[in-house]
Amino acid sequence: MVRRDNSRNEKRNTGKNDSRNRNKNDYKKQNSLKERYKENPKDKPKGNPKGNIKDNSRGNSKEAKVETISYGVSADDWHMPVSVSVETEAQLRAVMDIKSVSRIYVDEACFGIPEIGSDIAGTVSKGSNEEREAEAFAEIFRSIRASGKECGLRLRRIERETDPYLNSRKLLENLVKLGAAPDAVLIRSFDEAMLLSGSEPSESGNKGLNTIKKIFDYTCYGYNTEAVSMLLDLGAEGLTYPIELTGRECMALRKALKENESDERLRTVPYEALVYGHLPMMVSANCIQRTSDRCDHRNRILRLRDRMQKDMPVRCYCKYCYNQIFNAEPLVLYDLEEDIRALDPESVRYDFSIESENEVRKILSGAVPGAMTRGHFRHGIE
Ligand SMILES: [Zn+2]
(Lines give C-alpha, C1' and ligand atoms only; values in the text may rest on other atoms or scores of the structure.)
Protein backbone atom coordinates (compact mmCIF):
# COMPACT_ATOMS: atom_id res chain seq x y z
CA MET A 1 0.00 0.00 0.00
CA VAL A 2 2.66 2.48 0.96
CA ARG A 3 5.96 2.49 -0.82
CA ARG A 4 8.94 1.91 1.35
CA ASP A 5 11.84 4.22 1.10
CA ASN A 6 14.68 2.94 -0.90
CA SER A 7 18.07 2.81 0.69
CA ARG A 8 19.20 6.04 -0.89
CA ASN A 9 16.68 7.90 1.14
CA GLU A 10 17.68 6.54 4.46
CA LYS A 11 20.34 9.12 4.95
CA ARG A 12 18.03 12.00 4.51
CA ASN A 13 18.87 15.27 6.17
CA THR A 14 22.51 14.58 5.78
CA GLY A 15 23.03 16.44 2.54
CA LYS A 16 21.55 18.10 -0.49
CA ASN A 17 21.50 15.00 -2.62
CA ASP A 18 19.25 13.23 -0.23
CA SER A 19 16.60 15.86 -0.41
CA ARG A 20 16.82 15.78 -4.20
CA ASN A 21 16.38 12.02 -4.30
CA ARG A 22 13.61 12.28 -1.86
CA ASN A 23 11.69 14.75 -3.94
CA LYS A 24 11.67 12.42 -6.90
CA ASN A 25 10.33 9.65 -4.79
CA ASP A 26 7.80 11.85 -3.08
CA TYR A 27 6.43 12.91 -6.40
CA LYS A 28 5.67 9.29 -7.25
CA LYS A 29 4.06 8.77 -3.88
CA GLN A 30 1.94 11.83 -4.29
CA ASN A 31 0.69 10.71 -7.67
CA SER A 32 -0.34 7.30 -6.46
CA LEU A 33 -2.05 8.91 -3.53
CA LYS A 34 -3.96 11.26 -5.80
CA GLU A 35 -5.20 8.29 -7.75
CA ARG A 36 -6.36 6.68 -4.57
CA TYR A 37 -8.32 9.79 -3.68
CA LYS A 38 -10.17 9.53 -6.96
CA GLU A 39 -11.33 6.04 -6.13
CA ASN A 40 -12.20 6.81 -2.57
CA PRO A 41 -12.38 10.44 -1.59
CA LYS A 42 -12.81 9.43 2.04
CA ASP A 43 -9.21 8.29 2.06
CA LYS A 44 -8.01 11.82 1.64
CA PRO A 45 -6.14 13.06 4.67
CA LYS A 46 -7.76 15.96 6.44
CA GLY A 47 -4.69 18.15 6.21
CA ASN A 48 -3.67 20.14 3.20
CA PRO A 49 -1.54 17.76 1.16
CA LYS A 50 0.24 20.56 -0.63
CA GLY A 51 1.51 22.31 2.45
CA ASN A 52 4.89 21.61 3.88
CA ILE A 53 4.47 20.36 7.42
CA LYS A 54 6.96 21.84 9.73
CA ASP A 55 10.48 22.66 9.09
CA ASN A 56 12.45 22.98 12.22
CA SER A 57 15.66 23.67 10.36
CA ARG A 58 14.89 27.34 10.02
CA GLY A 59 18.47 28.30 9.44
CA ASN A 60 18.67 25.95 6.47
CA SER A 61 16.84 27.64 3.64
CA LYS A 62 17.56 24.86 1.15
CA GLU A 63 15.55 22.39 3.14
CA ALA A 64 12.93 24.89 4.08
CA LYS A 65 12.02 25.31 0.42
CA VAL A 66 11.08 21.68 -0.05
CA GLU A 67 7.44 21.93 -1.00
CA THR A 68 6.59 18.36 -1.91
CA ILE A 69 5.31 16.09 0.72
CA SER A 70 5.29 12.35 1.14
CA TYR A 71 2.85 10.14 2.94
CA GLY A 72 3.25 7.28 5.32
CA VAL A 73 0.58 5.30 7.10
CA SER A 74 -2.23 7.38 8.56
CA ALA A 75 -3.63 6.68 12.01
CA ASP A 76 -6.69 5.18 10.30
CA ASP A 77 -4.62 2.81 8.22
CA TRP A 78 -2.74 1.03 11.00
CA HIS A 79 -5.77 -1.07 11.92
CA MET A 80 -4.35 -1.55 15.37
CA PRO A 81 -4.68 0.53 18.53
CA VAL A 82 -3.16 3.99 18.09
CA SER A 83 -1.94 5.86 21.17
CA VAL A 84 -0.92 9.49 21.24
CA SER A 85 0.61 11.66 23.91
CA VAL A 86 -0.16 15.36 24.04
CA GLU A 87 1.31 18.37 25.81
CA THR A 88 -1.06 21.16 24.80
CA GLU A 89 -4.79 21.84 24.70
CA ALA A 90 -4.56 22.37 20.95
CA GLN A 91 -2.98 18.95 20.44
CA LEU A 92 -5.63 17.41 22.65
CA ARG A 93 -8.37 19.03 20.55
CA ALA A 94 -6.83 17.68 17.37
CA VAL A 95 -6.49 14.07 18.55
CA MET A 96 -9.97 13.96 20.12
CA ASP A 97 -11.44 14.39 16.63
CA ILE A 98 -9.60 11.45 15.14
CA LYS A 99 -11.58 8.28 15.43
CA SER A 100 -8.74 5.81 15.03
CA VAL A 101 -6.86 7.27 18.00
CA SER A 102 -7.71 4.80 20.73
CA ARG A 103 -5.76 6.12 23.70
CA ILE A 104 -4.69 9.64 24.66
CA TYR A 105 -1.96 10.22 27.23
CA VAL A 106 -2.01 13.70 28.71
CA ASP A 107 1.24 14.94 30.17
CA GLU A 108 1.21 15.47 33.90
CA ALA A 109 3.50 18.51 33.70
CA CYS A 110 1.48 20.23 30.96
CA PHE A 111 -2.12 19.95 32.15
CA GLY A 112 -3.93 20.41 35.41
CA ILE A 113 -3.85 23.74 37.17
CA PRO A 114 -0.95 25.75 35.79
CA GLU A 115 -0.45 27.92 38.85
CA ILE A 116 0.24 24.95 41.08
CA GLY A 117 3.95 25.30 40.44
CA SER A 118 4.11 29.05 40.88
CA ASP A 119 2.41 29.01 44.24
CA ILE A 120 5.65 28.22 45.95
CA ALA A 121 4.85 30.56 48.79
CA GLY A 122 1.78 28.44 49.41
CA THR A 123 -0.85 31.15 49.38
CA VAL A 124 -3.43 28.52 48.51
CA SER A 125 -3.73 25.63 50.89
CA LYS A 126 -2.02 22.44 49.92
CA GLY A 127 -5.19 20.39 50.27
CA SER A 128 -7.18 22.71 48.07
CA ASN A 129 -4.51 22.68 45.34
CA GLU A 130 -4.39 18.90 45.40
CA GLU A 131 -8.11 18.72 44.95
CA ARG A 132 -8.18 21.27 42.17
CA GLU A 133 -5.33 19.51 40.36
CA ALA A 134 -7.10 16.15 40.52
CA GLU A 135 -10.40 17.71 39.46
CA ALA A 136 -8.74 19.37 36.45
CA PHE A 137 -7.33 16.03 35.27
CA ALA A 138 -10.61 14.27 36.04
CA GLU A 139 -12.41 16.66 33.74
CA ILE A 140 -10.01 15.94 30.89
CA PHE A 141 -10.25 12.20 31.41
CA ARG A 142 -14.04 12.32 31.46
CA SER A 143 -14.14 14.15 28.16
CA ILE A 144 -11.65 11.73 26.59
CA ARG A 145 -13.79 8.80 27.77
CA ALA A 146 -16.91 10.50 26.46
CA SER A 147 -15.28 10.57 23.03
CA GLY A 148 -14.92 6.78 23.19
CA LYS A 149 -11.19 6.69 23.83
CA GLU A 150 -9.02 5.40 26.63
CA CYS A 151 -7.32 8.01 28.73
CA GLY A 152 -3.81 7.85 30.07
CA LEU A 153 -1.66 9.98 32.32
CA ARG A 154 1.94 10.44 31.20
CA LEU A 155 3.96 11.05 34.29
CA ARG A 156 6.46 13.86 34.57
CA ARG A 157 9.97 13.05 33.43
CA ILE A 158 11.64 14.14 36.65
CA GLU A 159 9.96 13.83 39.98
CA ARG A 160 11.65 15.46 42.96
CA GLU A 161 11.00 14.95 46.60
CA THR A 162 10.42 18.70 46.79
CA ASP A 163 8.04 19.07 43.85
CA PRO A 164 5.22 21.38 44.80
CA TYR A 165 2.28 19.75 46.49
CA LEU A 166 1.67 16.54 44.66
CA ASN A 167 3.49 13.41 43.85
CA SER A 168 2.23 11.33 40.98
CA ARG A 169 0.93 8.61 43.23
CA LYS A 170 -1.10 11.06 45.26
CA LEU A 171 -2.59 12.52 42.09
CA LEU A 172 -3.60 9.05 40.90
CA GLU A 173 -5.08 8.23 44.30
CA ASN A 174 -7.13 11.42 44.20
CA LEU A 175 -8.33 10.53 40.71
CA VAL A 176 -9.37 7.10 41.93
CA LYS A 177 -11.36 8.79 44.69
CA LEU A 178 -13.08 11.02 42.14
CA GLY A 179 -14.01 7.95 40.10
CA ALA A 180 -11.91 9.33 37.24
CA ALA A 181 -8.79 7.19 37.31
CA PRO A 182 -7.07 6.96 33.93
CA ASP A 183 -7.09 3.65 32.09
CA ALA A 184 -3.32 3.71 31.85
CA VAL A 185 -0.31 5.48 33.19
CA LEU A 186 2.81 6.01 31.11
CA ILE A 187 5.79 5.57 33.41
CA ARG A 188 8.97 7.31 32.32
CA SER A 189 11.46 6.66 35.07
CA PHE A 190 12.29 4.03 37.63
CA ASP A 191 11.59 6.62 40.32
CA GLU A 192 7.98 6.68 39.23
CA ALA A 193 7.82 2.91 38.92
CA MET A 194 8.98 2.70 42.53
CA LEU A 195 6.52 5.39 43.56
CA LEU A 196 3.66 3.36 42.15
CA SER A 197 4.91 -0.04 43.21
CA GLY A 198 3.13 -1.94 45.91
CA SER A 199 -0.21 -0.50 44.95
CA GLU A 200 -2.31 -3.47 46.00
CA PRO A 201 -5.80 -2.56 47.10
CA SER A 202 -6.00 -1.64 50.73
CA GLU A 203 -8.43 -0.09 53.16
CA SER A 204 -6.33 3.04 53.40
CA GLY A 205 -7.44 4.63 50.17
CA ASN A 206 -5.35 3.32 47.31
CA LYS A 207 -8.00 0.83 46.31
CA GLY A 208 -8.30 1.01 42.57
CA LEU A 209 -4.79 2.23 41.93
CA ASN A 210 -3.80 -1.20 40.74
CA THR A 211 -6.53 -1.20 38.11
CA ILE A 212 -4.59 1.46 36.18
CA LYS A 213 -2.52 -0.22 33.52
CA LYS A 214 1.19 0.52 33.86
CA ILE A 215 2.87 1.16 30.53
CA PHE A 216 6.61 1.82 30.60
CA ASP A 217 8.00 4.38 28.19
CA TYR A 218 11.18 4.03 26.13
CA THR A 219 13.02 5.96 28.82
CA CYS A 220 12.81 2.83 31.01
CA TYR A 221 15.38 0.80 29.16
CA GLY A 222 14.93 -2.90 28.57
CA TYR A 223 17.44 -4.07 25.98
CA ASN A 224 17.44 -7.75 26.87
CA THR A 225 15.38 -10.48 28.47
CA GLU A 226 16.87 -9.96 31.94
CA ALA A 227 16.18 -6.24 31.91
CA VAL A 228 12.65 -6.73 30.59
CA SER A 229 12.07 -9.28 33.31
CA MET A 230 13.04 -6.64 35.86
CA LEU A 231 10.65 -4.12 34.29
CA LEU A 232 7.87 -6.67 34.67
CA ASP A 233 8.84 -7.19 38.31
CA LEU A 234 8.44 -3.42 38.71
CA GLY A 235 4.87 -3.74 37.53
CA ALA A 236 5.11 -3.10 33.79
CA GLU A 237 2.04 -4.32 31.92
CA GLY A 238 3.11 -2.88 28.62
CA LEU A 239 6.45 -1.70 27.24
CA THR A 240 7.70 0.68 24.58
CA TYR A 241 10.36 -0.48 22.14
CA PRO A 242 13.70 1.13 23.10
CA ILE A 243 14.53 4.02 20.78
CA GLU A 244 18.25 3.31 21.07
CA LEU A 245 17.89 -0.06 19.36
CA THR A 246 17.71 -0.58 15.63
CA GLY A 247 14.57 -2.09 14.17
CA ARG A 248 16.44 -5.35 13.73
CA GLU A 249 17.55 -5.38 17.36
CA CYS A 250 13.99 -4.69 18.46
CA MET A 251 12.87 -7.67 16.39
CA ALA A 252 15.51 -9.89 17.95
CA LEU A 253 14.52 -8.74 21.42
CA ARG A 254 10.86 -9.51 20.82
CA LYS A 255 11.69 -12.89 19.32
CA ALA A 256 13.75 -13.82 22.36
CA LEU A 257 10.94 -12.73 24.67
CA LYS A 258 8.31 -14.66 22.77
CA GLU A 259 10.43 -17.77 22.81
CA ASN A 260 11.23 -17.59 26.49
CA GLU A 261 10.19 -20.87 28.01
CA SER A 262 10.36 -20.09 31.68
CA ASP A 263 8.30 -16.90 32.02
CA GLU A 264 4.90 -16.44 30.44
CA ARG A 265 4.94 -12.72 31.23
CA LEU A 266 7.86 -12.27 28.86
CA ARG A 267 6.09 -14.15 26.10
CA THR A 268 2.93 -12.09 26.34
CA VAL A 269 3.98 -8.57 27.36
CA PRO A 270 2.49 -6.11 24.86
CA TYR A 271 4.74 -3.61 23.10
CA GLU A 272 4.02 -0.13 21.86
CA ALA A 273 6.09 1.14 18.93
CA LEU A 274 6.85 4.84 18.84
CA VAL A 275 6.34 5.97 15.24
CA TYR A 276 6.55 9.74 15.69
CA GLY A 277 7.96 12.26 18.10
CA HIS A 278 10.71 14.75 18.87
CA LEU A 279 13.16 12.68 20.87
CA PRO A 280 14.77 14.22 23.90
CA MET A 281 18.50 14.78 23.48
CA MET A 282 18.83 15.82 27.06
CA VAL A 283 16.68 16.14 30.10
CA SER A 284 17.77 18.53 32.76
CA ALA A 285 16.56 19.01 36.29
CA ASN A 286 18.29 22.38 36.24
CA CYS A 287 15.80 24.91 35.04
CA ILE A 288 17.30 26.94 32.19
CA GLN A 289 15.18 29.91 33.10
CA ARG A 290 16.18 29.86 36.67
CA THR A 291 19.85 30.00 35.73
CA SER A 292 19.46 32.60 33.00
CA ASP A 293 16.97 34.84 34.71
CA ARG A 294 14.15 33.96 37.03
CA CYS A 295 11.66 31.20 36.57
CA ASP A 296 7.99 32.13 36.61
CA HIS A 297 7.02 28.42 36.59
CA ARG A 298 5.16 28.64 33.33
CA ASN A 299 5.67 26.01 30.65
CA ARG A 300 7.14 27.32 27.43
CA ILE A 301 9.19 26.44 24.39
CA LEU A 302 12.55 28.08 23.80
CA ARG A 303 15.03 27.44 20.99
CA LEU A 304 18.69 26.68 21.16
CA ARG A 305 20.67 27.11 17.94
CA ASP A 306 23.51 24.64 17.51
CA ARG A 307 26.68 25.18 15.48
CA MET A 308 24.99 23.63 12.43
CA GLN A 309 22.44 26.44 12.66
CA LYS A 310 19.73 24.04 13.62
CA ASP A 311 17.17 25.17 16.12
CA MET A 312 16.64 22.68 18.86
CA PRO A 313 13.43 23.13 20.76
CA VAL A 314 13.81 23.38 24.50
CA ARG A 315 10.67 22.52 26.33
CA CYS A 316 10.51 24.02 29.78
CA TYR A 317 8.19 22.05 32.00
CA CYS A 318 8.39 24.66 34.68
CA LYS A 319 5.28 23.56 36.47
CA TYR A 320 7.82 21.14 37.87
CA CYS A 321 10.93 23.06 36.74
CA TYR A 322 12.71 20.67 34.42
CA ASN A 323 13.70 20.98 30.76
CA GLN A 324 14.04 18.70 27.81
CA ILE A 325 16.09 19.61 24.78
CA PHE A 326 14.56 17.95 21.76
CA ASN A 327 16.18 16.88 18.57
CA ALA A 328 15.62 19.54 15.88
CA GLU A 329 13.95 16.97 13.63
CA PRO A 330 11.25 14.61 14.80
CA LEU A 331 11.63 10.85 14.61
CA VAL A 332 9.38 9.59 11.83
CA LEU A 333 8.81 5.87 11.38
CA TYR A 334 5.18 5.77 10.30
CA ASP A 335 6.19 5.66 6.66
CA LEU A 336 8.22 2.49 7.26
CA GLU A 337 5.12 0.38 7.47
CA GLU A 338 6.71 -2.98 6.81
CA ASP A 339 9.48 -2.45 9.37
CA ILE A 340 7.03 -1.37 12.04
CA ARG A 341 4.65 -4.24 11.41
CA ALA A 342 7.60 -6.66 11.52
CA LEU A 343 7.98 -5.71 15.19
CA ASP A 344 4.47 -7.03 15.77
CA PRO A 345 3.53 -4.19 18.15
CA GLU A 346 0.20 -4.30 19.98
CA SER A 347 -0.10 -0.57 19.36
CA VAL A 348 1.71 2.34 17.77
CA ARG A 349 2.26 5.68 19.44
CA TYR A 350 2.73 9.28 18.32
CA ASP A 351 4.32 11.64 20.84
CA PHE A 352 3.37 15.27 20.34
CA SER A 353 5.32 18.00 22.05
CA ILE A 354 5.81 21.24 20.09
CA GLU A 355 3.38 20.62 17.20
CA SER A 356 0.46 22.90 16.39
CA GLU A 357 -3.08 21.58 16.12
CA ASN A 358 -2.83 21.55 12.35
CA GLU A 359 0.51 19.76 12.34
CA VAL A 360 -0.92 17.07 14.61
CA ARG A 361 -3.73 16.49 12.13
CA LYS A 362 -1.32 16.33 9.20
CA ILE A 363 0.97 13.87 10.93
CA LEU A 364 -1.91 11.60 11.89
CA SER A 365 -3.14 11.79 8.31
CA GLY A 366 0.20 10.26 7.33
CA ALA A 367 1.94 13.36 5.96
CA VAL A 368 5.69 13.20 6.52
CA PRO A 369 7.41 16.38 7.72
CA GLY A 370 9.98 17.97 5.43
CA ALA A 371 12.77 17.56 7.96
CA MET A 372 12.90 14.38 9.98
CA THR A 373 15.15 11.71 11.36
CA ARG A 374 15.10 7.93 11.63
CA GLY A 375 16.85 7.98 15.00
CA HIS A 376 18.64 4.66 15.56
CA PHE A 377 15.94 2.63 13.92
CA ARG A 378 17.93 1.89 10.80
CA HIS A 379 21.45 2.78 11.77
CA GLY A 380 22.08 1.01 15.01
CA ILE A 381 24.19 1.96 17.96
CA GLU A 382 27.54 3.26 16.87
ZN1 LIG B 1 11.66 26.61 35.88
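Modeller: Strands of a sheet pair through backbone hydrogen bonds, either parallel or antiparallel. Here strand 9 and strand 12 (residues 322-326) pair in the antiparallel sense over 4 bridges. Two strands count as paired if DSSP finds at least two bridges between them. Helices (H or I, at least four residues) and strands (E, at least two) are DSSP runs, numbered from the N terminus. This is a predicted model, in which local features need pLDDT of at least 70 and side-chain atom pairs count only at pLDDT 80 or more, while totals for chains, interfaces and linings use all residues. Residues are numbered from 1 along each chain as its sequence is written.

Biologist: Which residue in strand 12 is the bridge partner of Ser284?

Modeller: That partner is Asn323.

Biologist: In what order do the 4 strands of the open sheet lie?

Modeller: The order is 9-12-11-10, with antiparallel pairing. Strand 9 (280-284) and strand 10 (300-305) are the edge strands, each pairing on one side only. On average, neighbouring strands of this sheet are turned by 25° against each other, direction ignored. Such angles run from 0 to 180 degrees between N-to-C directions, and the axes are lines fitted to C-alpha atoms, for helices over the stretch in contact.

Biologist: How do I read two helices that pack together?

Modeller: Two packed helices are described by the angle between their axes and the distance between the axes. The axes of helix 3 (residues 89-96) and helix 12 (residues 357-364) come within 8 Å and cross at roughly 35°.

Biologist: Which residues of helix 3 and helix 12 meet?

Modeller: Ala90, Gln91, Arg93, Ala94 and Val95 of helix 3 meet Glu357, Val360 and Arg361 of helix 12. Being in contact requires C-beta atoms, placed from the backbone, within 7 Å of each other.

Biologist: How much of the protein chain is buried?

Modeller: A residue is buried if 20 or more other C-beta atoms lie within 10 Å of its own. Buried residues make up 42% of the 382 residues in the protein chain. In helix 5 (residues 168-177), the buried residues are Leu171, Leu172, Glu173, Asn174, Leu175 and Val176. After helix 5 comes Gly179, with a positive phi near 70°.

Biologist: What does Ile187 contact, leaving aside its neighbours within four places in sequence?

Modeller: Its contacts include Leu155, Leu196, Ile215 and Phe216. Across the protein chain, among contacts between residues at least 6 apart in sequence, 73% join residues at least 24 apart.

Methods. A residue is buried if 20 or more other C-beta atoms lie within 10 Å of its own, exposed if 12 or fewer, and partly exposed in between; C-beta atoms are placed from the backbone. Two residues are in contact if their C-beta atoms, placed from the backbone, lie within 7 Å.
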